[in-house]
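Subject: Structure handover

Hello,

Here is the structure I promised to pass on to you. Please open it first, and then read my notes below.

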Amino acid sequence: MNEGHIGLITHSYGRQFIVEIAGISYSAITKSKKTEYVVGDQVIINPINQQQVQIIELLPRHNLIYRTDQNRSKIIASNISQLLIVIAIKPNFNLHFLNSCLLSAEAEQISPIILINKTDLLESTDFIAKINALYAVQLGYKVVCLSALDDCSGLKKLLNNKSSLLIGQSGVGKSTITNQIVPGASTRTARLSKSENSGCHTTTNATLYHINKTSSLIDCPGLQEFGLYHLQLDNLTNLFPEFRQYSNLCKFRNCRHINEPGCAITTAFRTGTIDPERFNLFHNLTCQLQQKLNY
Ligand code: GDP
Ligand code: ZN
């Protein structure tokens, strides 16, 4: 291997990385401790020996997905073309998580797909209807029903020619789905994690699996919260598809849609056209981002 090769980061575990170059995986060290890399990054490397390379430089990222850590947004994956948000009625559905994932996707202009898993469970029926009514019919998101206990063939088709990031709360069935798409994935991850240092557990752990030459799946287990603190206050309205039709109708051009008179979005919320949970999330985020600006 020559100097200046381009590699793909396929695994991050704390500050440790695995870089793939021409189909071969190498453990990677970084030049400076301050530089943050994530799974999905394209990097220029220098070889050290048969097993190890040094990351020299990061190539420009097309997009970045963030997670939250102590009220700060930290990066988890890059160069994603599709965000797969897995939800399920069991163990406990978290609406805030779903909405946060959708906002993150909107902010990075990545198309999200909501995967309702465990649809084999009888109690899923009402849940499916509710999610479809709001997220598919009203907001226009793609919603796909799934049972990961089956073969996931419908889902496999959606992954073709995409780099997909699979996210969801613990217990929704992410590992089961990953193993259906990439047989043996869980044992590979366990092996990788074992072979690495156990020093830093608080950082992001993510793995990229190749499905075929043009499709990949990134799995980041244990992600419980999504990073929203990096969002731009000025752009917040654009991240809510149901707001867009109203945002030019407010009386004031610089309306924040909180308590201004003649606000079209607040009126739509009051008349029941905008979902209360989503409006409250917008409200809370506006306050948080405003506080951050004033801090
Ligand atoms: P993760 O924490 O998101 O990786 O979830 P797992 O893949 O470990 O799944 C959690 C539990 O849900 C396991 O007991 C799975 O067998 C079960 N499970 C996963 N998918 C389905 C499904 O589609 N239907 C049903 N009934 N159970 C499922
Ligand atoms: Zn307004």
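A search of the whole structure finds eight aromatic pairs, where rings of Phe, Tyr and Trp (its six-membered ring) pair if their centres lie within 6.5 Å, and planes under 30 degrees apart count as stacked, over 60 as edge-to-face and the rest as tilted. One of them is stacked: Phe-240 and Phe-243, with ring centres 4.7 Å apart and planes at 15°. Both Phe-240 and Phe-243 are buried (under 20% relative accessible area, with exposed over 50% and partly exposed in between; 1.4 Å probe, protein chains only). Phe-269 and Phe-279 also form a stacked pair, at 4.2 Å centre to centre and 5° between the planes.

A note on the basis: this is a predicted model, in which local features need pLDDT of at least 70 and side-chain atom pairs count only at pLDDT 80 or more, while totals for chains, interfaces and linings use all residues. Residues are numbered from 1 along each chain as its sequence is written, chains are lettered from A and ligands numbered from 1 in the order in which they are written, and side-chain values use heavy atoms, leaving out hydrogens and water.

Finally, ligand 1. An oxygen atom of ligand 1 lies 2.4 Å from a polar side-chain atom of Ser-175, and one lies 3.0 Å from a backbone N or O atom of Gly-173. A polar backbone atom of Ala-148 is 2.8 Å from an oxygen atom of ligand 1.

Enjoy exploring!

Methods: Polar contact = N/O pair within 3.5 Å; in protein donor to acceptor, adjacent residues only side chain to side chain.
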